[in-house]
Amino acid sequence: MLENGFVMIGIILLINVVYVSFFTIRMILTLKNQRYLAALISVFEVIIYVIGLGLVLDNLDKIQNLIAYALGYGLGVLVGMKIEEKLALGYITVNVITTNISAGLPNEIRSKGYGVTDWMASGREGQRMMMEILTSRKSESNLYEIVRALDPKAFIISHEPKAFHGGFWVKSIRR
């Protein structure tokens with residue numbers, strides 16, 4: 001079966017897509033402090049890597065195998081990112097800046113189930129309302145839709161917090 005050039009290319013391509021997808025997910029889990037799951041995935045990752053690299057090294061005289069390996073690597077990065085996007089692990093902090101001060105935006109957002117801390121701020125063109133909202137990454141796009149529906153001109157910035165301490169969110173995060 002491995003004598004057929006197209007089958008070999010397909011196997012090498014598939015192996016590398018799977019390997020790099022595992023690699024990407026493992027790296028993200030490591031960054032999210034999911035050590036044990038990352039270690040478990042790394043076991044499978046290395047097995048797949050050695051098999052794929054072995055196939056290429058055993059057939060270095062065939063350039064198409066090397067090209068399949070490289071293409072599989074690139075596709076694996078894309079697939080791994082897509083998987084991570086679907087898993088949406090962790091939390092984000094969304095900062096919303098609006099000129100719509102009297103519209104009651106913080107309470108509207110709270111009524112949708114989000115925790116909001118708000119305060120008045122000064123911008124180049126006057127008073128602004130600043131809101132900080134912590135939410136799961138799975139709820140990120142829904143939150144953006146809510147904010148844009150309430151204020152299409154709102155300025156939105158998001159980032160991933162590294163640690164949590166205190167506040168009502170910490171109790172629900174640790175569950």
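Helices (H or I, at least four residues) and strands (E, at least two) are taken here as DSSP runs, numbered from the N terminus.

## About the model

You are looking at a predicted model, where local features need pLDDT of at least 70, side-chain atom pairs count only at pLDDT 80 or more, and totals for chains, interfaces and linings use all residues. Residues are numbered from 1 along each chain as its sequence is written, and side-chain values use heavy atoms, leaving out hydrogens and water.

Let's begin with the record. An unreviewed UniProt entry lists residues 6-29, 36-57 and 63-81 under "transmembrane region". Positions from UniProt follow the numbering used here, feature names are shortened, and annotations may be inferred rather than shown by experiment.

In the model, residues 6-29 are 100% helix and 0% strand, with 34 Å between the end C-alpha atoms. Residues 63-81 are also 100% helix and 0% strand, and their end C-alpha atoms lie 28 Å apart.

## Thr24 in helix α1

Helix α1 covers residues 5-31 and includes Thr24. This threonine has a relative accessible area of 14%, so it is buried (buried is under 20% relative accessible area, exposed over 50%, and partly exposed in between, using a 1.4 Å probe and protein chains only).

Which residues does Thr24 contact, leaving aside its neighbours within four places in sequence? They are Gly76, Val77, Gly80 and Met81, where contact means heavy atoms within 4.5 Å.

## Salt bridges

Side chains of opposite charge can pair when their charged atoms come close. A salt bridge here is a side-chain nitrogen of Lys or Arg within 4 Å of a carboxyl oxygen of Asp or Glu, and the count by this rule is 7. One of them joins Glu160 and Lys32, at 2.2 Å from N to O. Glu160 sits in the loop between β4 (155-159) and α6 (167-173), and Lys32 in the loop between α1 and α2 (35-58), so this pair ties together parts 128 residues apart in sequence. Glu160 is partly exposed at 45% relative accessibility, and Lys32 is partly exposed at 21%.

Another salt bridge pairs Glu84 with Arg137, at 2.5 Å from N to O. It links distant parts of the chain, 53 residues apart: Glu84 belongs to helix α3 (residues 63-87), while Arg137 is in the loop between β3 (126-136) and α5 (140-150). Are these two partners buried or exposed? Glu84 is buried, with 13% relative accessible area, and Arg137 is buried at 16%.

Lys62 and Asp61 also form a salt bridge, their closest N and O atoms being 3.9 Å apart. Lys62 is partly exposed at 35%, whereas Asp61 is exposed at 65%.
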